[in-house]
Amino acid sequence: MNDILKVGVIGCGTIANAAHIPNYKKLQEEGKCEVVYLCDIIPERAEAAVERWGVGKAIKDYHDILNDPSIDAVSICTPNKMHSIIAIDAMRAGKHVLCEKPPARVYSEALEMQKVQHETGMTLNIGVVNRFNSAVNKIHELIAAGELGELYQINVSFRAHRSIPGLGGDFTTKAVAGGGVLIDWGVHYLDIVMYCTGDPKTKTVTGEAYSKLGVDMPNYVYEGMWAEDKKDLNGTYDVDDYVTGFIRTEGPSITFNGAWAQNIGKGEYTYIEFLGTKAGIHLKYGGDFDVYGTKDGKLYSYRPEYAHDDMFYNEISAFVDCVKTGKKLPSHIDTVIVTAKMMQGIYDSSEQHREIVFED
Ligand SMILES: NC(=O)c1ccc[n+]([C@@H]2O[C@H](COP(=O)([O-])OP(=O)(O)OC[C@H]3O[C@@H](n4cnc5c(N)ncnc54)[C@H](O)[C@@H]3O)[C@@H](O)[C@H]2O)c1
């Protein structure tokens, strides 16, 4: 292992340019790592990233990184289909891995990743970046301290008015992404819930997933689109754009509704509500949160103070650090596997129109 960690970033699209490359660059400036390779199967994307960030060498085949014995770690920022393939190849080649969320398209692939992590002992963290968000960590702390009393129900909403990403491209193709709004957005929200409540065991899940508003691609009306450059009206749309369900855990129960698009007006539909006997919390996703309760016969509410730092920097810096120290982070595959199983259960429940009971 190098003192200054040598890293490669695989996939130079949106998230690589928004989070991984700039934060590794920052850590390089802090003397903690060196960005050696930026890789994309579309060579111009890797070249553009090298040009833009002034770090690394552009390559197009990720095996070149894995075959370089001087490399310690990689970030995987490709579409979901490649997550398990590259992560497994990388761990078998002796590289530590930070893989973007979701871990994989389906639970069986995520389990295979976990198995190889156990066999090789290499680090495998998943990009559940909210575990490095200071608001989320403050909620985690308040719940652990018993501030909410008995936490009995959590209500999750990850709904947008019109926000289907890259219509017809990788995001809306089940064979590439594994699913739609649940696997793309729900993964973050369910992960926050599990983290804040101490990762309680799942008992049952029931869900229904719908593919309604994007499926008629030429007639999908929208105002803005994430990854519009990857839109392909001749492509595929076979994933969920609405999902609803109910989860029983050994702790609180969870209700959720998610929409990439819905025929309801524009509004604030991205939040998590934690309901306890002493107090409740309303978290605006990616933003602040408020605490509501009663004390001495009076109602109260307040907005806690915490540092507003960059969760992606925290995540990537913690990864670089844990590779050196061997510390197990809360984003380890052993933790994230639980939401992978939960999401699989929700999709299975929807297909079979029945509740799925988790035996173990
Ligand atoms: N943590 C977050 O909040 C967050 C946000 C956005 C995306 N993501 C995740 O990041 C991943 C990428 O999303 P994106 O929006 O950046 O997608 P993107 O399409 O913008 O970028 C993916 C890149 O990977 C490249 N690629 C595909 N196969 C490759 C291979 N075999 N070798 C090298 N490069 C390859 C593509 O050419 C493309 O440039 C997805 O899994 C997504 O779920 C996470």
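## Domains

Domain bounds here come from an automatic or database domain assignment. That assignment gives domain 1 (5-128 + 312-330) and domain 2 (131-309 + 341-357). The C-alpha centres of domain 1 and domain 2 lie 26 Å apart. The contact between the two takes 15 residues from domain 1 and 16 residues from domain 2, where two residues are in contact if their C-beta atoms, placed from the backbone, lie within 7 Å. On the side of domain 1 that touches domain 2, helix 9 (residues 311-325) gives the most, with three residues. The residues of that side divide into eight nonpolar, three polar and four charged. In this division Ala, Val, Leu, Ile, Met, Phe, Trp, Tyr, Cys and Pro count as nonpolar, Asp, Glu, Lys and Arg as charged, and the others, Gly among them, as polar.

The model is predicted: local features need pLDDT of at least 70, side-chain atom pairs count only at pLDDT 80 or more, and totals for chains, interfaces and linings use all residues. Residues are numbered from 1 along each chain as its sequence is written. Helices (H or I, at least four residues) and strands (E, at least two) are DSSP runs, numbered from the N terminus.

## Ligand shell

The ligand is surrounded by 26 residues, and the closest are G11, G13, T14, I15 and E100. By class, the shell has 13 nonpolar, six polar and seven charged residues. Helix 1 (residues 14-29) gives the most to this shell, with three residues.

An open sheet of nine strands has the order 14-13-12-11-7-10-9-8-15, with mixed pairing. Two strands pair if DSSP finds at least two bridges between them. The edge strands are strand 14 (298-302) and strand 15, each of which pairs on one side only.

Strand 7 has partners of both senses. With strand 11, strand 7 pairs in the antiparallel sense over seven bridges, and V156 has I272 of strand 11 as its bridge partner. With strand 10 (residues 253-259), strand 7 pairs in the parallel sense, also over seven bridges. There, the bridge partner of Q153 is S253 in strand 10.

Strand 8 (residues 202-210) pairs with strand 9 (residues 242-249) in the antiparallel sense over eight bridges. E208 stands opposite T244 in strand 9. Two bridges join strand 8 to strand 15 (residues 356-357), and these strands run antiparallel. T204 has V357 in strand 15 as its bridge partner.

## Helix 6

In helix 6 (residues 134-144), A135, V136, K138, I139 and I143 are buried. A residue is buried if 20 or more other C-beta atoms lie within 10 Å of its own, exposed if 12 or fewer, and partly exposed in between, with C-beta atoms placed from the backbone.

The cover over the buried residues of helix 6 includes strand 7 (151-159), helix 8 (181-196), strand 11 (270-276), strand 12 (279-284) and strand 13 (289-295). Just after helix 6, G146 takes a positive phi of about 80°.

## Loops and backbone exceptions

Most residues other than glycine have a negative phi, and most peptide bonds are trans. The peptide bond from K101 to P102 is cis, with omega near -15°. P102 lies in the loop between strand 5 (96-99) and helix 5 (107-120).

A227, in the loop between strand 8 and strand 9, is a residue other than glycine with a positive phi, near 60°. A227 is partly exposed, with 15 other C-beta atoms within 10 Å. V215 has its place in the loop between strand 8 and strand 9. V215 is partly exposed, with 14 other C-beta atoms within 10 Å. The C-alpha atoms of V215 and M91, 124 residues apart along the chain, are separated by 38 Å.

H353 is found in the loop between helix 10 (333-352) and strand 15. Phi of H353 is positive, near 50°. Is H353 buried or exposed? H353 counts as exposed, because 9 C-beta neighbours lie inside 10 Å.

Terms used: A residue is near a molecule or strand if its C-beta atom, placed from the backbone, lies within 6 Å of it.
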